[in-house]
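Thanks, everyone, for making the time. I would like to walk through one structure this morning, and I will give the cut-offs as we go along.

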Amino acid sequence: METEPLAAAKLDAKPLNVSRKQVDANAVDVVAKLKGAGFQAWLVGGCVRDLLLGARPKDFDVATNATPEQVRGLFRRSRLVGRRFKITHVRYGRDVIEVSTFRKAPSGDLRINGNAKANGLILRDNAYGTLREDAFRRDFTVNALYYDPHEEQILDYVGGLDDIKRQRLRFIGDARQRLREDPVRLLRAIRFQAKLGFGLDAAWADSRMAERLREIPAARLFDEFTKMFLSGYAAKAWHLLEGTPIPGVLFPAVPKGNRLVQLAMENTDRRIANGRPVTPGFLLAVLLWEDFRARAQALRSQHGAANGEDATVLAAQSALADQRRIIAMPRRHSHFIQDVWHLQRHLRSPRPKRVPKLLRETRFRAAYDFLLLCADAGLVEPAIGQWWTDIQTASDEGRDAMINDLNPAARQRGGRGGSRQGGRGKSRQR
Ligand code: ATP
Ligand code: MG
């Protein structure tokens with residue numbers, strides 16, 4: 001560790017263009033109540049960083065020396081949550097303010113007592129600490145700034161203000177040690193570079209470090225997956241990830257430089273920018289698509305075309321099971337993914353009789369979006385995507401005509417003959 005200054009720099013927030021007015025009123029209320037009860041309370045982390053950057057914070061987190069139970073006692077509408085450590089959620093209508101108690105990073109002593117494995121991984125980091133200790137246990141300097149909305153002051157123990165000014169992402173302390181303590185910080189380093197556009201020096205993402213991500217529980221990696229890819233900067237994050245050995249560990253089945261994946265990341269960012277819903281299932285469906293297809297193909301050639309339907313189901317299940325061991329997606333996402341994959345076959349070669357039913361499928365919209373991405377990536381003829389686009393807005397007669405117009409090969413194909421995945425059922429309409 002570098003030498004840690006004992007005192008924090010205390011600065012007026014006003015000249016830094018941060019004012020109480022930019023803070024969520026509920027967060028100001030939480031700080032006021034805690035201080036009123038004699039505790040210390042500060043806004044901390046991402047919200048302070050984003051305010052200083054002139055960006056609108058996603059949410060407001062509060063740090064305090066009150067224990068979770070004490071916080072719970074002060075706010076009627078609050079509850080304790082958290083798997084790794086206890087935090088308190090204070091509820092205001094639909095808004096939730098997260099309150100966490102100052103914690104310290106386990107020191108050498110604690111490690112010897114079994115809080116970390118021999119390789120430095122922290123197993124338990126829930127020892128309470130002082131404000132100062134709380135600052136130093138955080139990951140990056142820009143994430144360790146505290147703001148008091150009443151005094152309108154900012155507290156900086158780690159040089160975070162300077163790093164914000166210089167657009168620099170810097171680990172607090174020794175980068176390698178901080179990564180050894182918690183390899184997820186590798187992903188966080190990527191995430192904040194993507195989100196903030198800040199540079200990180202130090203050669204940190206080597207393959208040994210990436211391998212250590214295997215020690216992280218798959219459920220935690222799913223949380224990181226959603227933060228990384230569903231926050232509006234997925235394309236940038238994926239690009240950065242591709243320059244590291246990390247995809248080989250987290251997504252061993254995803255081919256490098258895959259165009260479909262790239263397009264899906266960009267599409268996800270666009271949807272978020274436009275306020276449209278996004279789901280991790282869609283991205284996982286894209287990431288595992290090639291793997292699924294290859295497995296289905298292998299099974300089909302092993303067992304013959306007669307079992308085409310079975311091969312697809314088995315291939316989907318095995319591809320998902322293997323990925324779930326690394327990133328534990330909840331079951332509902334697996335179902336979603338299988339539905340989207342399954343529907344591709346029918347969308348790519350529509351059989352006239354099935355078209356009306358397909359249009360009513362719950363997952364039609366997602367499967368159609370997937371099909372359009374495949375068309376953009378050159379995996380499907382654009383005409384088939386256009387056909388599905390047109391039929392959704394066609395009049396009843398128009399729709400019948402379009403269905404009648406499907407090429408004869410598609411109309412005659414029935415039963416399992418239709419299980420091929422090529423873009424065969426293309427329309428002559430456009
Ligand atoms: P965002 O606005 O994108 O959510 P954030 O900085 O709030 O960014 P969170 O993941 O919400 O990121 O974490 C909140 C704060 O908790 C961080 O700013 C950081 O100070 C601290 N933190 C979170 N995860 C870690 C970690 N693995 N190691 C050390 N500190 C962490
Ligand atoms: Mg946050």
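I will begin with the conventions, then turn to salt bridges, aromatic rings and a patch of surface charge.

This is a predicted model, in which local features need pLDDT of at least 70 and side-chain atom pairs count only at pLDDT 80 or more, while totals for chains, interfaces and linings use all residues. Residues are numbered from 1 along each chain as its sequence is written, chains are lettered from A and ligands numbered from 1 in the order in which they are written, and side-chain values use heavy atoms, with hydrogens and water left out.

Let me start with the salt bridges, where a side-chain nitrogen of Lys or Arg lies within 4 Å of a carboxyl oxygen of Asp or Glu; the search of the whole structure returns 26 of them. One of these joins the side chains of E152 and R20, at 3.6 Å from N to O, and it links distant parts of the chain, since E152 sits in the loop between β7 and β8 (153-156) and R20 in the loop between β1 (9-12) and α1 (25-36), 132 residues apart. Helices (H or I, at least four residues) and strands (E, at least two) are here DSSP runs, numbered from the N terminus.

How accessible are the two partners? E152 counts as buried at 9% relative accessibility, whereas R20 is partly exposed at 35%; buried means under 20% relative accessible area, exposed over 50%, and partly exposed in between, with a 1.4 Å probe and protein chains only.

A second pair, E181 and R178, has its closest N and O atoms 3.0 Å apart, and both residues lie in helix α7, 3 residues apart, about one turn of the helix. E181 is buried at 4%, and R178 at 1%. Through shared partners, salt bridges join R178, E181, D182, R185 and R220 into one network.Turning to the rings, those of Phe, Tyr and Trp (its six-membered ring) pair if their centres lie within 6.5 Å, with planes under 30 degrees apart counted as stacked, over 60 as edge-to-face and the rest as tilted. The count comes to 16 aromatic pairs, including F140 and F171, tilted because their planes stand at 40 degrees, with centres 4.5 Å apart.

Finally, R76, R77, R79 and R91 gather in a surface patch of positive charge (residues with over 30% relative accessible area and no salt bridge, like charges joined within 9 Å).

Methods:
Patch = residues over 30% accessible without salt bridge, like charges linked within 9 Å, V, L, I, M, F, W, Y side chains within 5 Å. Areas by Shrake-Rupley, 256 points an atom, 1.4 Å probe, with all protein chains shown as cover. Lys, Arg positive; Asp, Glu negative; His and termini not counted. Charge placed at Lys NZ, Arg CZ, Asp CG, Glu CD.
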